[in-house]
Amino acid sequence: MAGGRSKIKTKSILYVLTLIITGYLINNLSKINTNLSDFETVFWLITFLPITFSIGVTRQIVMPLINFSVMKKRSPYFYILVCLIVPYMILMLSVQYEILLDKGLIFYYSNGLIEGKTSIGLFNAVLLTPIWEELFFRGVLLFTLLKFIKPIWAI
């Protein structure tokens with residue numbers, strides 16, 4: 001039992017180190033070539049998924065969490081649409097009427113000086129980033145920590 005547990009610890013440490021090195025390389029790649037900075041999240045997701053699913057320990061944790069059966073109903077699409085439109089409308093109203101936001105932030109946003117105002121930045125922020133964050137933090141990291149420490153500390 002102890003040998004299996006140390007093997008899981010070693011693989012978990014190797015997995016986290018691989019993600020750290022990959023993230024560091026992707027971050028520096030986007031600093032070297034600024035044209036790639038818009039696609040940083042896409043590169044991260046493309047590398048994160050194969051790394052996560054190539055290691056048996058993480059694959060066993062993540063696979064039961066993936067369930068698309070809820071998408072057979074109509075209501076999730078309605079909720080997704082509402083969750084995308086409402087924050088966007090609040091942002092547009094805040095910029096238009098200069099309320100709820102700092103004047104400097106409104107100026108930068110209105111003049112396109114804020115990173116992520118492009119459609120690629122919106123796609124990254126709305127779709128890609130939540131996917132890998134949920135898979136990593138709630139999927140892999142939380143379930144791995146729950147094996148070794150008390151739930152209150154893992155959370």
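1. Helix α6 contributes the most to the lining of the largest pocket, with eight residues. The model is predicted: local features need pLDDT of at least 70 and side-chain atom pairs count only at pLDDT 80 or more, while totals for chains, interfaces and linings use all residues. Residues are numbered from 1 along each chain as its sequence is written, and side-chain values use heavy atoms, with hydrogens and water left out.

2. The largest pocket holds about 690 Å³ of space. F68, L127, P130, I131 and E134 are the closest to its centre of the 17 residues that line it. A pocket here is an open set of points on a 1 Å grid over the protein atoms alone, where a 1.4 Å probe fits, with protein on both sides within 12 Å along at least five of seven lines; lining residues have an atom within 4 Å of a point. The volume is the space filled by probe spheres set on the points.

3. At least two lining residues of the largest pocket come from each of α4 (75-97) and α6 (119-148). Helices are DSSP runs of H or I, at least four residues, numbered from the N terminus. By type, the lining has 13 nonpolar, two polar and two charged residues. Asp, Glu, Lys and Arg count as charged, Ala, Val, Leu, Ile, Met, Phe, Trp, Tyr, Cys and Pro as nonpolar, and the others, Gly among them, as polar.

4. In the largest nonpolar core, which has 16 residues, those touching the most other members are Y15, L19, W44, F48, W132 and F136. Two or more residues of this core come from each of α1 (2-32), α2 (40-54), α3 and α6. Helix α6 gives the most to this core, with five residues. Such a core is a set of buried Ala, Val, Leu, Ile, Met, Phe, Trp, Tyr and Cys residues joined through side-chain atoms within 4.5 Å.

5. Setting aside neighbours within four places in sequence, Y15 is in contact (heavy atoms within 4.5 Å) with F48, I51, T52, I55, T58, F136 and V140. T58 belongs to helix α3 (residues 56-62). The T58 side chain reaches the backbone oxygen of I55 at 2.9 Å.

6. T58 counts as buried because its relative accessible area is 3%; buried means under 20% and exposed over 50%, with a 1.4 Å probe and protein chains only. W153, in helix α7 (residues 151-154), is exposed at 67%. The C-alpha atoms of W153 and L142 are separated by 10.0 Å, with the two residues eleven apart along the chain.

How values were computed
Polar contact = N/O pair within 3.5 Å; in protein donor to acceptor, adjacent residues only side chain to side chain.
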